[in-house]
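Hello,

Here is the structure for you to look at. My notes on what was found in it come below.

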Amino acid sequence: MDILLQQKRKNQLILMVLLFILLGFLLLLLTWRNLTLQKKAIYQHLKLASSSISRGIEASLFRGMMFMGGRMMGEQMMRHHPPLPFLRPRAKEILEDLVKEGDVLAIILADNQGHILPIFRDNKLQTPLKQILQGPFQEAEFKILSFNQHYLAVFSQQTRIPVSSFFPEQTHDFSAPPPKNYLLLVLDATHHLVLYQKFQKTLFMQIGFLILLAIFLITITTAYLRRQEKSERLASLETFHSKLLDNLPDGLLTIDQKGIINAANPALSKILDSPLKEIIGQPLARFFDPEFPSQQWKELELGTKKLEILKVPLSGEELFLLRDRTEIKKMEEELIQNQNLATIGRFATGMAHEIRNPLNALKGFAQFFAQKFAQEEPAKTYAKTMVQEADRLNRVITDLLTFAKPQKIEKRVFSLKPFLEEILRLLQFDLQNKNLNFKLDLKVETIKADQDSLKQALINLLLNSIQASKPEGIIEIAAERVREQICLKIKDYGQGMTKEELKEAFTPFFTTKEQGTGLGLAIVQQIITRHEGQIKINSLPGKGTEVIIYLPYE
């Protein structure tokens, strides 16, 4: 079966190479045809543009001369009488203004009696246009001239403007038939045709590249087929083994009698977070201790990963099989945590209702005594302390109820900047107390989330940043899109957190604050999780803390 499959594969490879070459030449033919059509379109475009510009020049010049000459001078008078002396410089100014900018390089007025009035932007153009000026003029003639690596589009058409009237020294025979007058227009066609030549040059390069590629592919294919014919069965077995080991999800390695790694698969590179070239040839003891009983699975923590390792003795070697169980262990821990949280939630719900009712009564009596003994000390202080502690205990109960019975998430799209500005207004007094500044860097305009619950989460995080920041510090808020997620970042430069504090940051009732409940970050994590998002904390003691929230982009 392997050999038959290899034969089919070789036939398919030959067919694919031939098909590739055929498609390449067809593509070149189509490209050549498109270039030919493009050149034709460029010429047609230049001809139409020249015709339009010529008519515009004729109309502008004719109206200008008519206007300067007065309304009483009709077209018939213009054809048989020379214009007034002040009309000649005015008409010439009109032509010179038209040549000063744009693609128009020259305007030439001529008739069949030898009168020629050229207006050039550059006098060097007289050289390529000399033959045209000396020869007979034709109506609606279009030519392309090449001059000093430049291309000129020359267009001529018959005009109503009497050219002889611009030569006052010439005598005018009004009894003879009126001469035929022509307007020649010269446009700069360099950028059009140079671009076409670049495309043409690229096509020739592609043809050469395709020919070389075809020769190369034919040579490689022939060599490959010859090699396959000599060692087909061995290659089939090697391919099978290689694919089997390369696609094995577990890491696999072998060591010699000296403990040096002499073989490894790609999965091991991912598990050890090192390229294969930095693994093979290294002693296994560099990564973990290989001394443990054979034929038994052993659990091992390697950095942040949790592995299971099996050692199997071979002839003169030892084989190690590594399984990454980090995600499974994490899921197990999350399951245990969720079970604990569910138990805490049920307990918190019952206790909160049992405590809140008598607490409200105690707070009421404390407020009564605070008013009654408003002028007496220390009774006044004691009563005021009772009210404050009752309020703090009530906040703890509120957090417990929020944590135990989270509100339903209702996502909707809203603008992010006004949303954050509203939160900052709510925290204005806390900011003023420490003279803190905020820096916003928003690269997304909208977000889809439950506005109330997200506001609660961000307020908790910002209060933590405010409390951790030093006076006159800065807190940064950034938002950007990362692939299919919205990334929100809140960063301060305060006291930071230790590794132990980071590990327990989302644990309910864990807090380092004297007045904290230990539920703030747990509630934030719960809100983000209900949004199908993730939250991550990066922190170093004395360097500050960065909280990163990932929410789905919808």
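**Helix packing, then the sheets**

The crossing of H12 and H14 is left-handed. The model is a predicted one. The two axes, of helix H12 (residues 451–468) and helix H14 (residues 520–530), come within 9 Å and cross at roughly 145°. On the H12 side the contact involves Ser 453, Leu 454, Gln 456, Ala 457, Asn 460, Leu 461 and Asn 464, and on the H14 side Gly 520, Leu 521, Ile 523, Val 524, Ile 527 and Ile 528. By type, the residues of this contact are eight nonpolar, five polar and no charged.

For the overall picture, the protein chain has 14 helices and 17 strands. Of its 554 residues, 34% are buried. Taking contacts between residues at least 6 apart in sequence, 62% join residues at least 24 apart.

S12 and strand S14 (residues 474–482) run parallel and are joined by six bridges. Within S14, Ala 479 is the residue opposite Leu 442.

Which residues of helix H10 (residues 416–426) are buried? They are Leu 416, Phe 419, Leu 420, Ile 423 and Leu 424. Seen down the axis of H10, these buried residues fall within an arc of 140°, so they line one face of the helix.

Another open sheet is also made of five strands, here in the order S7-S6-S10-S9-S8 with antiparallel pairing. Strand S7 (261–264) and strand S8 (297–302) are at the edges, and each pairs on one side only. The twist in this sheet averages 30° from one strand to the next. Strand S9 (residues 305–313) and strand S10 (residues 318–324) run antiparallel, with seven bridges between them. Among the paired residues, Glu 308 has Arg 323 in S10 as its bridge partner.

Regards

Definitions and conventions
Residues numbered from 1 in each chain as written. Predicted model: local features only at pLDDT ≥ 70, side-chain atom pairs only at ≥ 80, totals over all residues. Heavy atoms only, no water. Pairing = 2+ DSSP bridges. Helix = DSSP H or I, 4+ residues; strand = E, 2+ residues; numbered from the N terminus. Axes fitted to C-alpha atoms, helices over the stretch in contact; angles between N-to-C directions. Left-handed = near helix turned anticlockwise from the far one by under 90°. Contact = heavy atoms within 4.5 Å. Nonpolar A, V, L, I, M, F, W, Y, C, P; charged D, E, K, R; others polar. Buried < 20%, exposed > 50% of the residue type's maximum accessible area, 1.4 Å probe, protein only. Arc of directions from axis to C-beta.
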